[in-house]
Amino acid sequence: MALPVIDNLTARRLFLDRHALAEAPVGPSSGAALGALIDRIGFVQVDSINTVERAHHMILWSRRQGYRPEALKPLLERDRVLWEHWTHDASVLPVSVYGHWKHRFARDRGRLVESWTGWQREGFHEKFDAVLKQVADGGPVSSSEVGEGEARGKGGWWDWHPSKAALEYLWRVGELAVCRRDGFRKVYDLTERVIPAAARGAAYHEAETVDWACSSALDRLGFATSGELAAYWGLVGPEAAKGWVRGAVAAGRVVEAEVGGWTGARRRVVVWPEVLDEVPPEPPGRLRVLSPFDPALRDRARAEHLFGFVFRIEVFVPEPKRQFGYYVFPLLEGDRLVGRLDAKAHRDGAALKVRAVWPEAGVRMGTGRQARLAAELDRLARFAGCDRVDWLPGWDRSA
């Protein structure tokens, strides 16, 4: 019996709708509304690179252009409705999911010591008790306030002194939590001083967490393979997700379908039955700039299948070997990814400088599209604290 087919256009719109990218980026962008937006998309990846604005702020601005970075801090540091931990990477999450992370804490206790041995400096695991006691007795600390007398690294991202590694380990296993950031530096405190009691008290059997992780991922993806369900939160393994899919199909909770890709190739997925009858909204035709760490682009294979968009972050690629640039922003227009932008905010000169725009194959940088891009970059410049946009010579990289 033939499986139902979700055509490519419908699939793209379903996916963008689930990620709050199929509507105009307007509306309330602070307080409870901001918390609800983060809950809707699941998580917001945190990244330090500040070419225009940091990733977590860019992700939220792309969806609510009234958003300003100062709106996030109270939800994390005062109201405690959000917290920071690990999905596929460091992320801001709703605190309501905290109870499910206890399984990850337990799993990481032994795994991280083993995987970090030989990678981190020798003796980091011997610092756990001392660091935990320092925090318990003296209050919140950053990495610069632990490990007195330990040799510091020379600036490498992972060149941690032993007590810094101990801090990160204790955070990863749930003994500590990030209570605030000073600039971009994490400050850690005991978990019971940071995470609200109700969230800490939530406890789930492993099967309940597997069901929640897969169900909530499917809600936010619209349709998915078992591998995509496992990868969404990074909370359950591939085999657990496969088992969930088998059980959910057998019970009639989900149905199998095929999703059409950009090239016409189809991929088998599972979907909630009611989604097959859903007519997703047509996104507004405006052009918007996405963070390279946007949740809609986190799964590169999915983005390529749905949008024909091959994307690679080239931060760690040597400059002569980069195809596009150090930190390039995808451009979304309606329900299509139409190009990439190389831009940087020069706040000392109050200018957002556009070095290059690469349209995708088959996309023309005509007058109308240039006007939409210019309008969006004017908005982006204001968000980044700049007064104007400077278009550098040779910015149009149309083939």
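Select helix 12, residues 300-307, and colour its buried members, which are Arg302, Ala303, His305, Leu306 and Phe307; buried here means under 20% relative accessible area, with exposed set at over 50% and partly exposed in between, using a 1.4 Å probe and protein chains only. These residues cover an arc of only 165° around the axis, which puts them on the same side of helix 12, the arc being that of the directions from the helix axis to the C-beta atoms. Helices (H or I, at least four residues) and strands (E, at least two) are DSSP runs, numbered from the N terminus.

Before going further, note that this is a predicted model, in which local features need pLDDT of at least 70 and side-chain atom pairs count only at pLDDT 80 or more, while totals for chains, interfaces and linings use all residues. Residues are numbered from 1 along each chain as its sequence is written, and side-chain values use heavy atoms, with hydrogens and water left out.

Staying with helix 12, what covers its buried residues? Show the elements in contact (heavy atoms within 4.5 Å), which include helix 1 (8-18), helix 9 (206-221), helix 10 (226-233), strand 7 (255-260), strand 8 (266-271) and strand 11 (336-346). At the start of helix 12, zoom in on Asp299, a side-chain oxygen of which comes to within 3.2 Å of the backbone nitrogen of Ala301. At the other end, Gly308 follows helix 12 with a positive phi, near 65°.

Six bridges link strand 7 and strand 8 in the antiparallel sense, and selecting Val255 shows it opposite Val271 in strand 8.

Next, display another open sheet of three strands, whose order is 2-4-3 and whose pairing is antiparallel. Its edges are strand 2 (44-45) and strand 3 (82-86), each of which pairs on one side only. Strand 3 runs antiparallel to strand 4 (residues 90-94), joined by five bridges, and Trp86 stands opposite Ala90 in strand 4.

Finish at helix 7, residues 162-172: is this helix enclosed or open? Eleven of its eleven residues are buried, so helix 7 is largely enclosed by the rest of the structure; among them are Lys164, Glu168, Tyr169, Trp171 and Arg172. Just after helix 7, Gly174 adopts a positive phi of about 90°.

How values were computed
Polar contact = N/O pair within 3.5 Å; in protein donor to acceptor, adjacent residues only side chain to side chain. Pairing = 2+ DSSP bridges.
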